[in-house]
Amino acid sequence: MSDYLVYVGTYSSGDEDGIYVYRLDMATGALAYQSSIGGIDNPSFLDIAPNRRFLYAIGETSAVGDRPGGAIAAFAIDQQSGALTHINTESTVGPGPCHISIDRAGKYALAANYGGGSVAILPIREDGSLGAATDFVQHEGSSVNPGRQEGPHAHSIMVAPNNKHAFAPDLGIDKVLIYAIDHANGKLVAQTPAEIAPGSGPRHLAFHPDSQWAYVINELSNTITAFDYDADAGTLATIQTISTLPDGYTEVSHTADIHVHPNGRFLYGSNRGHDSIAVYAIDQDTGQLALVEIVPTGGANPRNFGLDPTGTYLIAGNHSTDDIFTFRVDSETGQLTPTGHKAEVPSPVCHKFIPVF
């Protein structure tokens with residue numbers, strides 16, 4: 001089995017290295033440092049072009065030089081070492097971006113601006129560089145939590161597997177905003193949003209590999225909402241909401257990330273505060289979830305985590321303890337077993353995988 005390169009986004013200042021490259025040993029689960037690069041403030045979230053030649057990172061800032069809006073930077077991936085070289089940086093138009101997705105054709109980068117409660121779409125040129133945004137949509141509204149939901153806070157934007165729609169969970173308004181992607185003109189065309197229970201704070205979304213279901217993890221209520229997903233229409237219909245925490249747990253905790261195992265049988269969500277990964281079995285007839293186990297991540301504040309494309313390993317980045325732990329995944333039960341390996345990485349957030357060249 002081929003090893004994987006793992007690109008790790010972090011919180012860092014522009015004069016520090018912020019994106020780290022590791023090699024994941026698929027025999028052991030060990031992470032070996034390869035290289036790193038700086039030049040962009042807080043490159044927390046990353047995505048990789050389908051051709052694996054380019055990587056894109058958002059920068060959680062409020063301006064790019066003298067232009068308002070957060071940053072989105074393009075990098076070339078060295079096809080032998082995996083090292084990154086900066087190409088250019090563009091504005092996400094709105095402040096405080098927190099998530100990025102590349103469309104399935106590698107033609108557009110889509111960004112969610114948490115600070116401003118908005119989304120944007122930017123064209124990607126043949127050389128991998130970014131053009132200025134071709135569309136920008138400001139979300140509107142609020143919800144019941146006055147401290148966190150006084151206005152819109154777009155927390156992520158995910159491109160559907162069929163490349164027709166983009167889904168943007170907005171923590172501030174308890175909705176998943178849904179957009180049809182106009183690929184010819186680089187536009188986001190608003191569709192009917194999906195409603196989440198008031199006070200939930202939807203954060204991230206994951207699609208089932210069969211495109212029958214989608215799952216949203218809710219930061220404020222510590223829950224996951226399962227949806228029937230109509231891929232052609234781009235609609236979501238609620239089927240279940242389930243807790244991510246053990247029964248009786250009363251301490252402060254907030255969810256963060258969510259991923260479906262490549263085999264489609266299991267789902268994983270992270271808890272910050274409880275500092276754990278919740279593991280669920282997915283009913284293959286209904287899409288509903290049943291809790292399997294809740295596993296400590298080995299550190300504090302597991303902001304995000306990643307599953308390698310084969311589903312062999314889960315790597316959990318503990319933001320507050322500056323480390324990443326690896327777990328072996330049982331493909332029959334979904335259960336996680338620590339490998340005993342960890343890597344020390346400052347403020348790790350996002351993890352993206354590509355095969356070793």
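In the predicted model, Ala120 stands opposite Phe136 of strand E13. This pair belongs to the contact between strands E12 and E13, which are paired in the antiparallel sense over 4 bridges. Phe136 itself is found in strand E13 and is partly exposed, its relative accessible area being 32%. When neighbours within four places in sequence are left aside, the residues in contact with Phe136 are Thr92, Val93, Gly94, Asn113, Ser118, Val119 and Ala120. E11 and E12 together form a hairpin with 4 residues between them, and Gly117 in the turn has a positive phi of about 65°. E12 is mostly covered, since 5 of its 6 residues are buried, that is, under 20% in relative accessible area.

The burial of nonpolar residues was examined next. In soluble globular proteins, nonpolar side chains tend to be buried together. The largest nonpolar core of the model holds 34 residues, of which Tyr7, Ile19, Leu55, Tyr56, Phe75, Leu84 and Ile100 touch the most other members. At least two residues of this core come from each of E1, strand E2 (19-24), strand E4 (46-48), strand E5 (54-59), strand E8 (71-77), E10, E12 and strand E31 (348-355). E8 gives the most to this core, with 6 residues. For Leu55, with neighbours within four places in sequence left aside, the contacts are Tyr7, Ile19, Leu46, Asp47, Ile48, Ala73, Ala74, Phe75, Ile77 and Leu84. Another core lies apart from the largest one; this core has 16 residues, among them Val119, Val137, Ile157 and Tyr179.

Strand E1 (residues 4-10) includes Thr10. Thr10 counts as buried, at 0% relative accessibility. The side chain of Thr10 reaches the backbone oxygen of Gly18 at 2.7 Å. Beyond neighbours within four places in sequence, Thr10 is in contact with Asp17, Gly18, Tyr20, Asn42, Pro43, Ser44, Val345, Pro346, Ser347, Pro348 and Val349.

Charged side chains were considered last. Side chains of opposite charge can pair when their charged atoms come close. The structure holds 8 salt bridges. One of them joins Glu126 to Lys107, with the closest N and O atoms 3.5 Å apart. This pair links distant parts of the chain, 19 residues apart: Glu126 is in the loop between strand E12 (118-123) and strand E13 (135-138), whereas Lys107 is in the loop between strand E10 (97-102) and strand E11 (108-113). Glu126 is exposed, because its relative accessible area of 65% is over the 50% cut-off. Lys107, at 41% relative accessibility, counts as partly exposed.

A salt bridge is also formed by Lys164 and Asp232, whose closest N and O atoms are 3.4 Å apart. Here too distant parts of the chain are linked, the residues being 68 residues apart: Lys164 is in the loop between strand E14 (158-159) and strand E15 (165-170), and Asp232 is in the loop between strand E21 (223-230) and strand E22 (235-243). Lys164 is partly exposed, with a relative accessible area of 39%, whereas Asp232 is exposed, with a relative accessible area of 60%.

Arg272 forms a salt bridge with Glu219, in which the closest N and O atoms are 3.3 Å apart. Arg272 is in strand E24 (residues 266-272) and Glu219 is in the loop between strand E20 (213-218) and E21, so that the pair links distant parts of the chain, 53 residues apart. Arg272 is buried, with a relative accessible area of 13%, and Glu219 also counts as buried, at 4% relative accessibility. Through salt bridges that share partners, Arg148, Arg203, Glu219 and Arg272 are joined into one network.

Terms used
Residues are numbered from 1 along each chain as its sequence is written. This is a predicted model: local features need pLDDT of at least 70, side-chain atom pairs count only at pLDDT 80 or more; totals for chains, interfaces and linings use all residues. Side-chain values use heavy atoms; hydrogens and water are left out. A salt bridge is a side-chain nitrogen of Lys or Arg within 4 Å of a carboxyl oxygen of Asp or Glu. Buried means under 20% relative accessible area, exposed over 50%, partly exposed in between (1.4 Å probe, protein chains only). Contact means heavy atoms within 4.5 Å. A polar contact is a pair of N or O atoms within 3.5 Å; within protein, one must be able to donate a hydrogen and the other to accept it, and residues adjacent in sequence count only if both atoms are side-chain atoms. A nonpolar core is a set of buried Ala, Val, Leu, Ile, Met, Phe, Trp, Tyr and Cys residues joined through side-chain atoms within 4.5 Å. Two strands pair if DSSP finds at least two bridges between them.
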